[in-house]
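Colleague: I'm new to this one and would like a close look at a single part. Could you walk me through it once it's on screen?

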Amino acid sequence: MTLTLSHLTRGATRAVTAALLAGTILSGAVAGGARAQETVVVAVSPLGADSNLYWTTTGAFILPSLQTLVGQNPETGKYDNSQLAESWEHNEDFTSWTFRLHPEARFNDDWGPVTAADVVHSFNLHIGDDAKLSGISKFREITVTALDDHTVRFDIPSPEPDFLFSHAGRGSLAIYSKAQFDAEGLEGYETAPAGSGPFKYEGRETGQSVTFSAVEDHWSGASPAYDQLEFRWVSEPSTRLAMLSAGEAHAVTLPRDLQDDAAEAGQTVLVSSEGAMQTTMLFTGQFLNPEAEENRDARSYAWADQRVREAMNRALDRDAILEALYGEGVRKLPVYTMDPRFPGYSEDLEARFDEAYGYDPERVAELLAEAGYPDKFENPKIPLVVTSLAGNPEFAQMAELVQAYFDIAGIQTEMREQDWATGNTAIRGFSADFVTPMRNAPVRPSALGVQIFFTSEASPHLDVGDPELNKLGADLVAETDPETRDAMLEQMFTRIFDSYAHLPMATVPASVVVNSDLVEGWTFPGSTSSGLSHFELIDLK
């Protein structure tokens with residue numbers, strides 16, 4: 001249920017505004033019954049990229065001042081027209097999608113109405129050589145045409161039944177003002193991108209924070225009930241908790257253990273209305289490709305041997321790990337990117353998971369002995385990445401718990417502390433040689449997820465090199481029959497499952513801890529890459 005709260009009218013002095021910009025949280029009434037201006041502070045892990053040019057980031061965070069074409073309902077997560085597209089339709093084989101824009105949509109800072117020309121302009125920016133967004137390679141095959149001022153068509157060379165996902169929570173296309181670009185170029189975007197959202201961009205301190213002001217009387221009717229929104233990038237979870245406890249932050253992301261501490265201290269843990277993400281640890285490299293050089297002779301990837309991969313999976317007590325990471329309310333994940341809400345879901349794999357992947361130290365010892373591990377491997381150490389990512393503060397602890405179980409099983413490890421951007425650079429440069437935490441957030445339609453994380457079709461950087469998966473992925477691109485697509489996806493998930501191609505973990509809701517004295521409630525569906533969204537719905541006390 002969405003909580004509502006009546007607020008006093010706005011009215012404050014320049015001195016109050018200056019204090020807010022400095023990060024001070026103020027609340028309460030002022031003379032005459034007017035409400036003091038208030039800045040809502042949200043503290044999260046540092047981003048993989050810190051830029052106003054969204055297409056140059058990995059998509060972990062989209063500026064609240066910008067909008068996509070398709071929105072999502074805060075309670076159900078279903079696609080809706082709360083963003084820039086008023087309606088949409090597709091042709092019979094899903095190769096052409098037409099969007100009609102809200103005629104009243106306007107950019108902030110008097111940059112004029114949002115038109116089809118802005119969509120085409122933004123699309124061209126997003127497919128440039130400097131684009132880093134996941135899945136953007138498929139966008140480069142699309143032709144975008146402005147049919148009139150408020151109608152734009154996307155023509156795609158192959159069927160895209162899940163095309164709305166790219167324009168909703170995943171946000172592969174944020175709409176910028178062409179008029180601002182024509183007047184100020186990229187420098188204008190870097191300094192202060194206009195955007196059309198319910199927040200107006202105010203400024204950022206690179207590596208530290210970014211600030212927005214609320215737009216009164218926003219064209220969509222979704223104006224926030226507070227005055228400013230500030231995100232602070234804070235690496236240490238304990239520091240974020242201290243900020244929350246001291247009233248220096250309204251909301252923070254925390255790992256599970258600190259969430260429990262915060263709740264015991266009287267703070268409130270809020271979770272998304274829908275499952276927000278799936279987590280796993282992915283093997284990198286072409287380890288299922290029989291022709292890949294790195295899998296031959298030297299065997300620098302110990303996980304190129306399926307027996308080692310199975311042993312790694314069976315060495316993990318997932319029940320204990322997931323309890324430590326997330327607490328109650330999560331589900332073990334049989335196959336990363338498989339979800340009962342989407343085609344390809346297999347009840348058989350769900351039923352077989354404990355038998356095939358369950359914690360079994362005796363079987364682990366047998367598998368390692370059969371593989372000749374560690375003596376027959378030139379490099380038996382498994383590099384585990386220790387990293388953090390906005391919306392996933394538990395990633396570092398995930399790697400540490402996995403290491404602990406591997407050590408017990410006799411699987412040698414090497415811990416690599418690196419930021420998210422460094423890991424992405426290695427993956428995109430095809431030089432990755434580690435096992436890394438990964439998230440599927442928001443939970444993608446299965447056809448998109450499996451292509452991105454396991455085949456060469458959507459994101460070749462994560463291609464595991466399996467000829468069978470790549471053939472099925474290529475065939476899936478051209479297939480439009482729903483029953484056939486469902487069968488193909490189930491076959492792909494079965495292949496991933498049977499070959500132990502990853503270390504699947506869980507499907508979890510997004511969570512945020514709010515200061516109980518400052519925040520009444522906040523409804524969000526967990527539909528974005530960071531899990532957080534709908535910041536205009538933060539209700540204050």
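Let's take Phe99 and Phe163: are they buried or exposed? And what is around them?

Modeller: Keep in mind that this is a predicted model. As for your two residues, Phe99 is buried, and Phe163 is as well. Their ring centres sit 6.4 Å apart with the planes at 55°, so the pair counts as tilted. Phe99 belongs to strand S5, while Phe163 is in helix H4 (residues 163–166), so this pair ties together parts that lie 64 residues apart in sequence.

Strand S5 is part of an open sheet of 4 strands, in the order S4-S5-S7-S6, and the pairing is antiparallel. Strand S4 (85–90) and strand S6 (143–148) are at the edges, each pairing on one side only. From one strand to the next, the twist averages 20°. If you zoom in on S5 (residues 96–101) and S7 (residues 151–155), you'll find them joined in the antiparallel sense over 5 bridges. Thr98, for instance, has Arg153 in S7 as its bridge partner. Strands of a sheet pair through backbone hydrogen bonds, in either a parallel or an antiparallel way.

There's a helix to look at here too. Helix H2 (residues 116–126) lies across S5, S6 and S7, and runs at about 170° to S6.

Conventions: Residues numbered from 1 in each chain as written. Predicted model: local features only at pLDDT ≥ 70, side-chain atom pairs only at ≥ 80, totals over all residues. Heavy atoms only, no water. Pairing = 2+ DSSP bridges. Helix = DSSP H or I, 4+ residues; strand = E, 2+ residues; numbered from the N terminus. Axes fitted to C-alpha atoms, helices over the stretch in contact; angles between N-to-C directions. Contact = heavy atoms within 4.5 Å. Phe/Tyr/Trp six-rings, centres within 6.5 Å; stacked < 30°, edge-to-face > 60°. Buried < 20%, exposed > 50% of the residue type's maximum accessible area, 1.4 Å probe, protein only.
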